[in-house]
Amino acid sequence: MDDLRRAGRSAADLVADHLAAVPGGPVWRPVPDADRSWLSHRPLPATGRPLESLLHDIRDHVLPYPMGNGHPRFFGWVNSPPSPAGVLVAPLAAALNPSCAGGDHAGVLLERTAVRWLAELVGYPHPPGAGLLTSGASMATIVALATARQRAGRREGWDVRESGLYRHRPLAMYLSAEAHSCLRKAAELLGLGSRYLRTVPVDGAFRMDTDALRRLIAADVDAGVRPFFVTASAGTVNTGAVDPLADIAEVAREHDLWFHVDGAYGALGVLAEEADSGYAGLGLADSLALDPHKWLGVPVDCGCVLFRDPAGPRDTFSLVPPYLRDDDADELGWFSEYGPEQTRSFRALRVWATIAHLGRDGIARLVRRTTRLARTLAAMVEASGDFDLLAPVATSITAFRHRPAAMAPGEVEALNQALPAAVQRRGRAFLTGTRLSGTAALRACVLHPATTEDDLVVLLDEIRAAAKELTA
Ligand SMILES: *Cc1c(COP(=O)(O)O)cnc(C)c1O
């Protein structure tokens, strides 16, 4: 134990030194050959080594090559820096090392609180037991879609768990053209078939067109297909768009569809002072996926799925027959009765610590600050002569493109495709690209609490400099 105590003190210093050095270093840097080889090709060690010596290797070969998301000028994908509270408690969760499948211990009790707090933060109803932490929103989506599939079967008079999907009429699901790929993955995995996945067009602000949704549903009904599930986005990855949740809830109600909201990234955006009007209706969802490891900054990994009714997921996943449930001892049962995972890690400690450290006020400040910066970036883009804004800012993502003076449209397209990698290589800012309405786009997602307006100026200047490099 003395060995661990000594090395632990060194590790604490290493963590603090690393985090303090991040803003002054490159956002990202390529891994040189020697370190690449060290990281990829070390042989299996025959004998062990002292703990402290492991730290030297981490300092020399691991910490210098981050993905970049700890840096205030990281604007790529949807990846936040780790919350200090999450970093602090991660080793304590490992020291306790419970399985949060169930049982009577701190891990499961605290997960109940973490889930309840997350629901309350975003204004989603929370009957006890109606949610659990997951590896991420991809797993949250699988849990939600499986639950919806089970309910649809029951409504039709069959039990999907018992008979599978054999010889039943197809179930159709609806999602917008901007929905995250994890929905398609979940549909394919659950045997629903991507053939029955309907892509609803979006409007000019990249929000689901609910009239088109109604038309697609009507066509399926005419064709003998059972519409059963619609998913809306509260914050798309491409532009941060928020679908009109209340309108979609209404369509779902009319047609007896399960209404799922993907708030993996954007559910917290409801806390912004100018929260997008689309959020009204969030509380009407049958299920909501949100990722504490995105905007909230809980260190990876941590997702969450919330339900209006805890009976749904339990009916879908529990292998404990109702007559064996000891309702007096623990009416909610085990977390493993609500999802596919058995041994489950103590994610709740990182969620609890992050929320306890920031408080509701601190979280709202973070959301407001980052959404304001995304709008500021949009204003800078619009005021410039050489950038175009490609979408309104609904959350903390700005989608735009670079259009240097007197450049032909074909060249602008090729330039914007090449820009993200070129900006990343320069190491002073990091952003990623996407495609919007068929053209190459740049997108900046602001999640870091220490990002400033100066960092936005650097970002645009770095894009200009990278463009000069590429066209030279
Ligand atoms: C990140 C994200 C997902 C996928 O979640 P994981 O945590 O990566 O599994 C789904 N939807 C949206 C909108 C996301 O931002």
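This is a predicted model: local features need pLDDT of at least 70, side-chain atom pairs count only at pLDDT 80 or more; totals for chains, interfaces and linings use all residues.
Residues are numbered from 1 along each chain as its sequence is written, and side-chain values use heavy atoms, with hydrogens and water left out.

Trainee: How many residues surround the ligand, and which are the closest?

Mentor: A residue counts as near if one of its heavy atoms lies within 4 Å of the molecule. By class, the shell has five nonpolar, five polar and three charged residues. The shell holds 13 residues, and the closest are S138, D262, D291, H293 and K294.

Trainee: Which residue has a side-chain N or O atom 2.6 Å from an oxygen atom of the ligand?

Mentor: A polar contact is a pair of N or O atoms within 3.5 Å. A polar backbone atom of A137 is 2.9 Å from a ligand oxygen, and a side-chain N or O atom of H293 is 2.9 Å from a ligand oxygen. The protein covers 85% of the 370 Å² of accessible area that the ligand has on its own (Shrake-Rupley method, 1.4 Å probe). The 2.6 Å pair belongs to the side chain of D291.

Trainee: What is the volume of the second largest pocket?

Mentor: A pocket is an open set of points on a 1 Å grid over the protein atoms alone, with protein on both sides within 12 Å along at least five of seven lines; its lining residues have an atom within 4 Å of a point. The ligand takes up this space, as more than half of its atoms lie within 2 Å of the grid points. Of the 21 lining residues, H180, V237, D262, A264 and K294 lie nearest the centre, and α6 (137-155) and α8 (181-189) each supply at least two residues of the lining. The volume is about 310 Å³.

Trainee: What is the volume of the largest cavity?

Mentor: A cavity is a set of grid points where a 1.4 Å probe fits but cannot get out. The whole structure has three cavities of 30 Å³ or more. The lining of the largest includes L118, Y265, D291 and W295. Its volume is about 50 Å³.

Trainee: Where is the cis peptide bond that has omega near 5°?

Mentor: Most peptide bonds are trans. D301 lies in the loop between β6 (287-290) and β7 (303-307), the strands being DSSP runs of E with at least two residues. The cis bond runs from V300 to D301.

Key. A polar contact is a pair of N or O atoms within 3.5 Å; within protein, one must be able to donate a hydrogen and the other to accept it, and residues adjacent in sequence count only if both atoms are side-chain atoms. Ala, Val, Leu, Ile, Met, Phe, Trp, Tyr, Cys and Pro count as nonpolar, Asp, Glu, Lys and Arg as charged, and the others, Gly among them, as polar. Grid points are joined across faces, edges and corners, and a volume is the space filled by probe spheres set on the points. Helices (H or I, at least four residues) and strands (E, at least two) are DSSP runs, numbered from the N terminus.
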